[in-house]
Amino acid sequence: MKKLNFLRFSISIAAAAFLSAVIVYFVTASREQFLNHSFYTLKTIARDKSEIIEAKINHAEESIKLLSDFVSSQMNEKELKNPNEIFSGYTGQFPFSSVEYIRWDGLNMMNSTKGQKPFDASQRPYYIEGIKGNSGIWANFKPKASQEILLNFYTPLYYDNEVSGVITGAIDETTSIKPLLYSSFFGHQIQSFI
């Protein structure tokens, strides 16, 4: 009888150990499957946001070039007169919070019609590259007029087939890119960076 009880006890222990091993296996497999699914979801969200941000940046690059082409075709002298009036009519139609005009000599003329002195932008990379005839993007980590980081999209302005200045379109926190940088994942706030 002792052997039978010992045998039953041993079988019960073995069955419990087997059942525990099966439970641990399925819990581990479920957890791994959950983690794999979570990683896939996070990767998908990141890829989708990246594609949207890339599309918006491409749109901004094309927009500043289109604006330059349009303004260049309307110019009847080397210097753009009344740039604030010209560009203020377009800011709602383009993805920029502001558009600025930098004259051929490096003076940013956007504040000149507001009674303020133009400021020297001749050492800014967007001017240096733009006046050479290049277009591109420059991240302004220390803007003169605000506390926020700006993305400046720049392109040359032409008069009589020669570069006569540079225009820049700035994207700041008021534009549609900022909401794309924040997400929620399983109830936790996630911030993306460009």
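Two strands are taken to pair if DSSP finds at least two bridges between them, the strands (E, at least two residues) and helices (H or I, at least four) being DSSP runs numbered from the N terminus. The structure is a predicted model, in which local features need pLDDT of at least 70 and side-chain atom pairs count only at pLDDT 80 or more, whereas totals for chains, interfaces and linings use all residues. Residues are numbered from 1 along each chain as its sequence is written, and side-chain values use heavy atoms, with hydrogens and water left out.

The secondary structure of the chain comprises 3 helices and 8 strands, which follow one another along the sequence in the pattern α-α-β-β-β-α-β-β-β-β-β. Of its 194 residues, 31% count as buried, that is, under 20% relative accessible area with a 1.4 Å probe and protein chains only. Among contacts (heavy atoms within 4.5 Å) between residues at least 6 apart in sequence, 52% join residues at least 24 apart.

Strand E5, which spans residues 150–159, has 8 of its 10 residues buried and is therefore largely enclosed by the rest of the structure. Strand E4 (residues 136–140) pairs with E5 in the antiparallel sense over 5 bridges, and within this pairing Ala139 has Leu151 of E5 as its bridge partner. E5 also pairs with strand E6 (residues 162–171), again in the antiparallel sense, over 9 bridges; here the bridge partner of Thr155 is Ile167 in E6. The hairpin formed by E5 and E6 has 2 residues between the strands, and in this hairpin Asp160 adopts a positive phi near 55 degrees.

Terms used: Buried means under 20% relative accessible area, exposed over 50%, partly exposed in between (1.4 Å probe, protein chains only).
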